[in-house]
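Subject: Model handover

Hello,

Here is the model you asked for. My notes on it follow below.

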Amino acid sequence: MTGQSQMKKTDDSRLETFRRPGAAEEFIAHLNTCFGMGERAATAGLGEAPEFPSLFVIGAPRSGTTVLMQWLANWPAFGVPTNLLARFHQAPYLGGLVQRLLTDQNLGYLDELAIPGADQAGFQSVIGKTAGILSPHEFFYLWRRFFPLDRGRALTDAERKLADPAGFARALRHLEAALTKPLAMKAIIMQYEIALIAAAVPKSVFLFTRRDEVGNCDSILESRKRVHGSAEEWFSVKPPGIDRFLTESPVVQVAAQVALTNDLISGQLQRLDPARVIQTDHEAFCDSPESTALSIVGSFSRLGCHISPHPCPGTFVSNRRQPANREELREALKFARQHHDNGG
């Protein structure tokens, strides 16, 4: 990435993928059954947790988590779960090896396996969905192997008993070993359980992105309309305490979603070693990604892992439109915090 980088959106026809079952699910399940048998033998003795620090990106929906992941995918110091790797959720180690076989120039010969555009992840997305085999994937398939979650929310007591955080840490170690570099991945599906992840992955670092909350709410409302055709339908994560607001208007619902998510994440991060916490403002990141890069390098250095700086700082275009109902959104954010703090 050089000079001015643009965050582009692909045609809205891709939104149809949100509304219909994936045609490849059966094939992917069969593929993982086959690879899973070899994975167990191939990963024996690799270790129980990542050896390098792992970077987890968290934040409210539409707060800039996707562009952060795309930027990290273009940083050679990191390995990220990609659209290709997502197909190997039962065998991340073997999937990582396949990815290296197809994309690592040191393992190729005269471009026999060259895939056009596979040398760099792009910066296109549609509401968090990316295109290209090396573009980042949320990898919810992997998370759901070890945590009984349907979407980003808190676990119930019964679900905590079924969770396997040690197995998750082991899977990350397998993927790290295949890619031979520190991992960076979205963790929004488990961002209300940070303590659980922090304990399971002792060298984890959490990168928390925040966006102007009014603009964040406006973006979620627009996403509801684009995905569901109406602002009435729910979109993305459900923070603890959100049930209190589900009978309110869509404006209050998204305000509560943003306010509760930001406040709950902030509270959890305050209980961690500051060396494991990085906070970035989305608008500031778009203007100057280099500051966030330096924070990441510093945090990893304090944890004993020295990584090279991001080679292409660049800039991004952030959507900073002023919604017509800005004051209504401000009041909704205030209402959500008051009623959540007061227990309804």
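Just after helix H11, Gly304 adopts a positive phi of about 85°. The model is predicted, with local features requiring pLDDT of at least 70 and side-chain atom pairs pLDDT 80 or more, while totals for chains, interfaces and linings use all residues. Residues are numbered from 1 along each chain as its sequence is written, and side-chain values use heavy atoms, without hydrogens or water.

H11 covers residues 289-302. Helices here are DSSP runs of H or I with at least four residues, strands runs of E with at least two, both numbered from the N terminus.

Buried residues (under 20% relative accessible area, 1.4 Å probe, protein chains only) in H11 include Pro289, Ile296 and Phe300. The buried residues of H11 pack against strands E1, E5 and E6 and helices H2 and H10 (contact: heavy atoms within 4.5 Å).

Arg326 lies in helix H12, residues 326-341. Arg326 counts as buried because its relative accessibility is 18%. Leaving out residues up to four places away in sequence, Arg326 touches Asp212 and Val214. Its C-alpha atom is 9.6 Å from that of Cys217, 109 residues away along the chain.

On confidence: pLDDT, the predictor's confidence in each residue from 0 to 100, averages 87 over the chain, and 85% of the residues score at least 70. Over residues 1-11 it stays under 50.

Regards

Definitions and conventions: Buried < 20%, exposed > 50% of the residue type's maximum accessible area, 1.4 Å probe, protein only. Expected span 1.5 Å × (residues − 1).
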